[in-house]
Amino acid sequence: MQDERVVVVTGGGSGMGRAMVQEFVAQGDRVAAVGRTREKVEATVAELDDPGRALAIEADVSDPEAVARCVGAVLDWSGRIDVLCNNAGIIDSYRPAHEVPLEEWDENIAVNLTGPFLMARAVLPDMLSRSAGVIINVASTASFSAATGGTAYTAAKHGVLGLTRQLTFDYGKLGIRVNAICPGATLTGLAEAMLADQGDDVPDVEEELRRFPAGRWCEPREIARLATYLASDDAAFIHGSPLVIDGGWLTAARNPL
Ligand SMILES: NC(=O)c1ccc[n+]([C@@H]2O[C@H](COP(=O)([O-])OP(=O)(O)OC[C@H]3O[C@@H](n4cnc5c(N)ncnc54)[C@H](O)[C@@H]3O)[C@@H](O)[C@H]2O)c1
């Protein structure tokens with residue numbers, strides 16, 4: 001394996017994405033931190049021990065033209081893309097279908113499902129030219145069950161597993177390995193937004209989490225370390241898999257949020 005890879009992390013301005021940028025840089029890779037908010041991705045890069053190994057790019061992953069510009073900028077910077085972490089995502093308002101405004105549905109599908117497709121589509125020609133590459137899609141426990149998101153989020157995250165499997169089927173034999181990470185409750189801005197949206201009548205989250213096997217929130221760094229493992233040659237036999245990292249949430253089958 002080459003020593004230094006070029007990694008693209010979407011949603012690199014906060015939460016799991018920021019932790020991924022930090023972990024990949026710490027292991028010697030060069031990383032493009034992509035995000036919708038310029039200040040956030042620039043802060044991710046500025047706070048690195050070695051900011052020279054990273055590039056901040058403002059791009060909306062649901063916008064095909066922005067995605068094309070973003071991937072072009074990474075290739076100008078690095079000459080290749082070895083790893084894509086499709087991590088950017090948004091939560092929904094937890095409404096049942098008959099109350100979901102079409103705008104909410106459209107935005108959730110655009111960011112959480114079309115975004116990973118657009119990014120994969122844009123990096124694949126470079127990966128195919130070298131018959132090598134790794135794509136990691138951040139899905140969710142909401143890829144398997146209802147109630148950990150609302151209608152739009154759950155549908156989009158189920159779709160991310162379908163995308164992962166089809167990419168594996170189409171590109172696995174061509175040297176490109178695709179997998180999904182399926183986190184449970186992880187302490188990030190997105191989790192805080194979920195809690196804020198749910199109002200006052202939700203149970204105390206810390207108390208609920210204690211009912212689950214791990215009994216705590218996942219740390220973004222734990223997700224990032226799964227991503228660096230999946231991107232490594234140690235994971236060479238893992239293709240098309242949804243890797244659940246939820247502290248036993250799905251096994252215990254009750255939503256702590
Ligand atoms: N936190 C959890 O409990 C949890 C659980 C399961 C899955 N996830 C998934 O993990 C991923 C990362 O989320 P997080 O928890 O770190 O939350 P987060 O809100 O901290 O990070 C998401 C990032 O994506 C960026 N983003 C949003 N829309 C974008 C767009 N259109 N283009 C580019 N960037 C965009 C945001 O600016 C933000 O920096 C998401 O895909 C989310 O669905 C989170």
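Biologist: Which residues of helix α2 are buried?

Modeller: This is a predicted model, in which helix α2 spans residues 38-46. A residue counts as buried when its relative accessible area is under 20%. In α2, the residues that are buried are V41, T44 and V45.

Biologist: On the same side of α2, what arc do they cover around the axis?

Modeller: An α-helix has 3.6 residues a turn, so residues three or four places apart point the same way. The buried residues V41, T44 and V45 lie on the same side of α2, because the arc they cover around the axis is only 95 degrees.

Biologist: What covers the buried residues of α2?

Modeller: Cover is judged here by contact, that is, heavy atoms within 4.5 Å. The elements that cover the buried residues of α2 include α1 (15-26), β2 (30-35) and β3 (54-58).

Biologist: How many helices and strands does the chain have, and what is its radius of gyration?

Modeller: The secondary structure consists of nine helices and seven strands. For 257 residues the globule rule gives 18 Å, and the chain comes close to that value, so it is as compact as a globular protein of that length. Its radius of gyration is 17 Å.

Biologist: What percentage of the chain's contacts between residues at least 6 apart in sequence join residues at least 24 apart?

Modeller: Of the 257 residues, 51% count as buried. Among the contacts in question, the share joining residues at least 24 apart is 72%.

Conventions: Residues numbered from 1 in each chain as written. Predicted model: local features only at pLDDT ≥ 70, side-chain atom pairs only at ≥ 80, totals over all residues. Heavy atoms only, no water. Helix = DSSP H or I, 4+ residues; strand = E, 2+ residues; numbered from the N terminus. Rg over C-alpha atoms; globule rule 2.2 N^0.38 Å. Buried < 20%, exposed > 50% of the residue type's maximum accessible area, 1.4 Å probe, protein only. Arc of directions from axis to C-beta.
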